[in-house]
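Please read it alongside the sequence and the model shown here.

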Amino acid sequence: MLLFDWGTYNSLHTLSKAATLGMKLTEIPPADFSRRGRGPEYFESYREFTSKAFTTVTAHAPYYNVVSFSKSVSEKVLKAMRAALRNAALAGAEVFNVHLGWKAFGGDKDIELASEFIKELLKDAPQNIYISLETTYTRRQLGSIDEIRAIIESVGDDRVIISLQLENVFMYETGIDEHGNFHKADAEVDAAFWTNVLKKALQLSRGFLSLRFAQVTGIYFGRRLLKKRVPLGKGYPSVGPLAEALARFMIKEVREKGLPLRMHLIYTGVPETKYEDSIALYAEIMKRVVQHL
């Protein structure tokens, strides 16, 4: 039986709000792992609460670049990530999501170094935790679907999976990171586009089919395009084609084929509207799921 979980990110003090709204998934935000005062007691309290109210707990690792020109910097990052992973395990997380960060060398060297980093991280990972590698939105960062596939194959451990940050895939696959035209790209994206993306992710998924989403626009920092998260309905990509593809895929490709996967969608939008947006996004998907049941 397919379990489809949905929810958003929460620190300990907002878990009761998410639970009241019926969310069964929560993600520990990256700031919780780097903020002073967040010791073992905090994460144990997180686990105590979620064990009574939530089905799925994930964790987003702190934002560090896993590849660096400096060996000493890489060692410090690995130490910090290991500490975050231990705390994620204390909190009951089953997925530890890693943002790979900016490229340093380009080409195979970055993939080789990232693979070694993940191998080292796995040495401290409990057997029941998956490490998910998050897709990027720009060619300046490591994390295209193909790059993640190469890392997973190099690491050779079933605990390493892909996590689709869906708006990032939209930007990367349509070349927005190079041309900046969100409106034109959005007009060209349909349900078939998203189905193809989901099929690629399925090949790199074990245990969980991990999905993330927020709508975005872009801002330029010099000549570099950066994505900016916005409330649902205020940005790109359009929800309709994505919701249709997710609904059909969930039923036809996962549930009806009896795949041993738990599928989840984490809303990663702006904090001011994250609860309303999470519910609205879930509703857009589920009203289409009904049509396939």
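## The largest pocket

The lining of the largest pocket divides into five nonpolar, six polar and six charged residues, where Ala, Val, Leu, Ile, Met, Phe, Trp, Tyr, Cys and Pro count as nonpolar, Asp, Glu, Lys and Arg as charged, and the others, Gly among them, as polar. This is a predicted model, in which local features need pLDDT of at least 70 and side-chain atom pairs count only at pLDDT 80 or more, whereas totals for chains, interfaces and linings use all residues. Residues are numbered from 1 along each chain as its sequence is written, and side-chain values use heavy atoms, with hydrogens and water left out.

The volume of the largest pocket is about 400 Å³, and of its 17 lining residues, His60, Tyr63, Glu134, Lys227 and Arg229 are the closest to its centre. Helix H7 (166-173) and strand E9 (224-229) are the elements that give two or more residues to this lining; helices (H or I, at least four residues) and strands (E, at least two) are DSSP runs numbered from the N terminus. A pocket is an open set of points on a 1 Å grid over the protein atoms alone, where a 1.4 Å probe fits, with protein on both sides within 12 Å along at least five of seven lines, and lining residues have an atom within 4 Å of a point. Grid points are joined across faces, edges and corners, and a volume is the space filled by probe spheres set on the points.

## The second largest pocket

The second largest pocket has a volume of about 260 Å³, and of the 13 residues that line it, Lys71, Ser74, Glu75, Leu113 and Phe117 are the closest to its centre. Helix H4 (71-90) and helix H5 (108-122) each supply at least two residues of this lining, which by class holds seven nonpolar, two polar and four charged residues.

## Aromatic pairs and charges over rings

The structure holds 10 aromatic pairs, a pair being rings of Phe, Tyr and Trp (its six-membered ring) with centres within 6.5 Å, stacked if the planes are under 30 degrees apart, edge-to-face if over 60 and tilted for the rest. Trp6 and Tyr282 form a stacked pair, at 4.3 Å centre to centre and 15 degrees between the planes, and this pair links Trp6 in strand E1 (residues 3-9) with Tyr282 in helix H12 (residues 274-292), 276 residues apart. Trp6 is buried at 11% relative accessible area, while Tyr282 is partly exposed at 27%; buried means under 20%, exposed over 50% and partly exposed in between (1.4 Å probe, protein chains only).

Phe33 and Phe43 are also stacked, because their ring centres lie 5.4 Å apart and their planes are at 5 degrees. Since Phe33 lies in helix H2 (residues 31-34) and Phe43 in helix H3 (residues 40-53), the pair ties together parts that are 10 residues apart in sequence. Phe33 is buried at 13% relative accessibility, as is Phe43 at 0%, and Phe33, Tyr42, Phe43 and Phe96 form one aromatic cluster. The charged end of Arg38 sits over the ring of Tyr42, 4.3 Å from its centre, a term that requires NZ of Lys or CZ of Arg within 6 Å of the ring centre and within 35 degrees of the ring normal.

## Leu225 and its contacts

Leu225 is in strand E9 and is buried, with a relative accessible area of 7%. Not counting residues up to four places away in sequence, Leu225 touches Tyr137, Met171, Ile176, Asp177, Gly180, Phe182, Gly218, Ile219 and Tyr220, contact meaning heavy atoms within 4.5 Å.
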